[in-house]
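Trainee: I would like to learn how to read a model with two chains. Please show me where to begin.

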Amino acid sequence: MVKPTRVTNSIRSLRFANGEMTQADLADRVGVTRQTIIAIEQGRYSPSLEMAFQIARVFRVPLDEAFQYSDELR
Amino acid sequence: MTFLEKSNWVVLVVGVPTLLVYVALVVPQVLGKPIAEVSWVQPMIFAIAGFIVANVLGNVVAAASNPGEADRNDQRDREIDHFGERVGNWLMIAGSIAALVLAMTMADHFWIANAIFLGGMAAALVSSVTKIAAYHGPFQTW
């Protein structure tokens, strides 16, 4: 189901700002597979609101610091 | 690769040869003699049983290759699974409708059984291809 999304994220930079956390570490903390974290980082999958909050909570940042809603379709 | 993706690869790796062997055994007969004389029941039973057993064994091997991931799936896995199943269901329904029409028109059992069989095999294969494509491309459920 290929649909354009306006949702972007800063997960990659947040991971590096948090002691170069690996995708596997983040996946373990959120309770998802590493493949899902990769897909989110690459913009191939937009997480649910609940998963987005869980990811932001891992980095101890507000939701809109981890995820942004762009003006342009990607 | 998640366990669920591996599981879908197992369906493809097992399903395609199964279908090809069945077709290779039955189609030459269909072309060469009357339908009533075609030996299709045994090949179909072996194809269905072989497909199920090989799938189970393939999943066991896939799980054994990475036991930690075997029971792990998340929201994305479930969404991809549901999406693929929905696509496959349309083929299953198409096969069933074809079987219904064949039964209503008093077609030979051969055609009715094969419409159901091919609908089921096509559903399994297309569903797996859809899921694998969803794992590797953009995927949104909304």
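Mentor: Begin with the idea of a contact: two residues are in contact if their C-beta atoms, placed from the backbone, lie within 7 Å. Keep in mind as well that this is a predicted model.

Trainee: How is that idea used on chain B, and what percentage of its contacts with a separation of 6 or more comes from residues 24 or more positions apart?

Mentor: The figure is 78% for chain B, counting contacts with a separation of 6 or more. As for secondary structure, chain B has five helices and zero strands, so its order from the N terminus reads α-α-α-α-α. A box of roughly 50 × 35 × 20 Å along the principal axes holds the C-alpha atoms of chain B.

Trainee: How many residues does chain B have, and what percentage of them count as buried?

Mentor: A residue is buried if 20 or more other C-beta atoms lie within 10 Å of its own. In chain B, 23% of the 142 residues pass that test.

Trainee: How do I read the packing of two helices, say α4(B) and α5(B)?

Mentor: Take the angle between the axes, then their distance, then the hand of the crossing. Helix α4 (residues 75–104) of chain B packs on helix α5 (residues 109–136) of chain B at an angle of about 165°, and the axes are 8 Å apart. Angles over 145 degrees count as roughly antiparallel, and α4(B) and α5(B) are therefore roughly antiparallel to each other. The crossing of α4(B) past α5(B) is right-handed. In the contact of α4(B) with α5(B) there are 21 nonpolar, 10 polar and three charged residues.

Trainee: At what angle do α1(B) and α2(B) cross?

Mentor: Helix α1 (residues 3–32) of chain B and helix α2 (residues 41–65) of chain B cross at roughly 155°, and their axes come within 9 Å. That angle makes α1(B) roughly antiparallel to α2(B). The crossing of these two helices is right-handed. The contact of α1(B) with α2(B) consists of 16 nonpolar, seven polar and one charged residues.

Trainee: Is the crossing of α1(B) past α5(B) left-handed or right-handed?

Mentor: That crossing is left-handed. The axes of α1(B) and α5(B) cross at roughly 145° and come within 9 Å. Among the residues that make the contact are Trp9(B), Leu12(B) and Val16(B) of α1(B), along with Met121(B), Leu125(B) and Ile132(B) of α5(B). By class, the contact of α1(B) with α5(B) divides into 11 nonpolar, three polar and two charged residues.

Trainee: How do I read the place where the chains touch?

Mentor: The size of an interface is often given as the accessible area lost when the parts come together. Here the count is of residues: 14 residues of chain A are in contact with 13 residues of chain B. Helix α3 (residues 34–41) of chain A gives the largest share of the chain A side, three residues. That side of chain A has six nonpolar, six polar and two charged residues.

Trainee: Which residues of α3(A) are buried, and what do they pack against?

Mentor: The buried residues of α3(A) are Gln35(A), Thr36(A), Ile37(A), Ala39(A) and Ile40(A). They pack against β1 (7–9), α1 (11–17) and α2 (23–30) of chain A, together with α4 of chain B. After α3(A) comes Gly43(A), with a positive phi near 75°.

Trainee: Which residues touch the most other members of the largest nonpolar core?

Mentor: That core has 13 residues, and those touching the most other members are Ile37(A), Ile40(A), Tyr45(A), Ile80(B), Ala134(B) and Phe139(B). At least two residues each are supplied by α3 and α4 (49–58) of chain A and by α5 of chain B. The largest share of this core, three residues, is from α3(A). Apart from this core lies another, of nine residues, including Val14(B), Tyr22(B), Phe51(B) and Met121(B).

Trainee: What is Tyr45(A) in contact with, leaving aside its neighbours within four places in sequence?

Mentor: With those neighbours left aside, Tyr45(A) is in contact with Thr36(A), Ala39(A), Ile40(A), Arg76(B) and Phe139(B).

Trainee: How does Val7(A) count?

Mentor: Val7(A), found in strand β1 of chain A, counts as partly exposed because it has 16 C-beta neighbours inside 10 Å. Leaving aside neighbours within four places in sequence, Val7(A) is in contact with Ser46(A), Phe67(A) and Tyr69(A).

Technical notes
Residues are numbered from 1 along each chain as its sequence is written. Chains are lettered from A and ligands numbered from 1 in the order in which they are written. This is a predicted model: local features need pLDDT of at least 70, side-chain atom pairs count only at pLDDT 80 or more; totals for chains, interfaces and linings use all residues. Helices (H or I, at least four residues) and strands (E, at least two) are DSSP runs, numbered from the N terminus. Ala, Val, Leu, Ile, Met, Phe, Trp, Tyr, Cys and Pro count as nonpolar, Asp, Glu, Lys and Arg as charged, and the others, Gly among them, as polar. Axes are lines fitted to C-alpha atoms, for helices over the stretch in contact, and angles run from 0 to 180 degrees between N-to-C directions. Angles under 35 degrees count as roughly parallel, over 145 as roughly antiparallel, 65 to 115 as roughly perpendicular and the rest as oblique. A crossing is left-handed if the near helix is turned anticlockwise from the far one by less than a right angle, and right-handed if clockwise. A nonpolar core is a set of buried Ala, Val, Leu, Ile, Met, Phe, Trp, Tyr and Cys residues joined through C-beta atoms within 7 Å. A residue is buried if 20 or more other C-beta atoms lie within 10 Å of its own, exposed if 12 or fewer, and partly exposed in between; C-beta atoms are placed from the backbone.
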